[in-house]
Amino acid sequence: MFKDPFEDAGNSVVAPAADCFEIIPNDTSDLAKATKAVFVGIGGDLVIRSVDGQQDVTFRNLADGSILDVRLRAVRLTGTTAGNLIGLA
């Protein structure tokens, strides 16, 4: 039987991610939920909109296996060359 010894610890911005999900870049849609960070499996450029952002921003030349500690609302298809993206929430 599964037991989570931290279930009563609460979830905060500084707590480890409790959920992970595949991110498929899209030019018009936001993610289903905000992330705490994003894992970049294959390096490259990542065009994002942060939770409070008013415009898209490009993080350039991210390395394979990077974790970008940014709360995201969207990852754009146009301009994104990084791949195997996992949202950590």
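Does Asp-45 count as buried or exposed, and at what relative accessibility?

Mentor: This is a predicted model, so local features need pLDDT of at least 70, side-chain atom pairs count only at pLDDT 80 or more, and totals for chains, interfaces and linings use all residues. Residues are numbered from 1 along each chain as its sequence is written, and side-chain values use heavy atoms, with hydrogens and water left out.

Asp-45 counts as buried, because its relative accessibility is 15%. Buried means under 20% relative accessible area, exposed over 50%, partly exposed in between (1.4 Å probe, protein chains only). Asp-45 sits in strand S3. Strands here are DSSP runs of E, at least two residues, numbered from the N terminus.

Stay with the Asp-45 side chain. It makes a polar contact of 3.2 Å with the side chain of Arg-60. A polar contact is a pair of N or O atoms within 3.5 Å; within protein, one must be able to donate a hydrogen and the other to accept it, and residues adjacent in sequence count only if both atoms are side-chain atoms. Leaving aside residues up to four places away in sequence, Asp-45 touches Thr-58, Phe-59, Arg-60, Asn-61, Gly-79, Thr-80, Thr-81 and Ala-82. Contact means heavy atoms within 4.5 Å.

Now the strand itself. S3 spans residues 44–50, and five of its seven residues are buried. S3 runs antiparallel to S4 (residues 57–62), with four bridges between them. Two strands pair if DSSP finds at least two bridges between them. Gly-44 has Leu-62 as its bridge partner in S4. A hairpin of six residues links S3 to S4. S3 also pairs with S6 (residues 72–75), antiparallel, over three bridges. There, Ile-48 stands opposite Val-75.

Next, Leu-46. In a regular strand the side chains alternate between the two faces of the sheet. Leu-46 is among the residues that touch the most other members of the largest nonpolar core, which has 15 residues. A nonpolar core is a set of buried Ala, Val, Leu, Ile, Met, Phe, Trp, Tyr and Cys residues joined through side-chain atoms within 4.5 Å.

Val-38 leads on to another pairing. Its bridge partner in S5 is Leu-68. S2 and S5 pair in the antiparallel sense over three bridges.
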